Amino acid sequence: MNIILNIGLEVSKNYLPSGVEEMHLQYEYVKDYLKQVFGTPMYIGLTQSATEKTVVVQYSSVEYVLPKLFWLAHEFKQDCIAYRIQDGANVLGGALVGEYAHEWNYGIFNEAYFIEPMFKLH
């Protein structure tokens, strides 16, 4: 089974100090941090969602990654991180995880907004 994450690079306004309108994470920072925490991914790439630049990352160790997502969302100052679990081509489900997930479609995962990995790392 694989777990795919969508991590936005825009820091949530919920974490910004007064007077600061926007901050962004850098792709290289997120990439290095994820590698430190979870190891080398099966895939990692940067894309543009409808609202922000987004890191798409895929791991095969669902049991290791999934329990750390709430913490990871907080570390990256994200409202939430979207994830989906797959077993081969079969999608088993997805969710939004984070302290402010409820602010995004009431916390309901919407497959239509989820970004797929584009290709695999070699």
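Reply: Gln-26 is found in the loop between strand S1 (2-8) and helix H1 (27-38). Helices (H or I, at least four residues) and strands (E, at least two) are DSSP runs, numbered from the N terminus. This is a predicted model, in which local features need pLDDT of at least 70, side-chain atom pairs count only at pLDDT 80 or more, and totals for chains, interfaces and linings use all residues. Residues are numbered from 1 along each chain as its sequence is written, and side-chain values use heavy atoms, with hydrogens and water left out.

Me: Is Gln-26 buried or exposed?

Reply: Buried means under 20% relative accessible area, exposed over 50%, and partly exposed in between (1.4 Å probe, protein chains only). Gln-26 is exposed because its relative accessible area is 55%.

Me: In what order do the strands of the open sheet lie?

Reply: Two strands pair if DSSP finds at least two bridges between them. Here five strands form an open sheet in the order S2-S3-S1-S4-S5, with antiparallel pairing. Strand S2 (43-48) and strand S5 (90-97) are the edge strands, each pairing on one side only.

Me: How many bridges join S1 and S4?

Reply: S1 and S4 pair in the antiparallel sense over five bridges. Ile-4 has Arg-84 in S4 as its bridge partner.

Me: Which strands does H1 touch?

Reply: Contact means heavy atoms within 4.5 Å. H1 packs on the sheet and touches S1, S2 and strand S3 (53-59).

Notes. Axes are lines fitted to C-alpha atoms, for helices over the stretch in contact, and angles run from 0 to 180 degrees between N-to-C directions.
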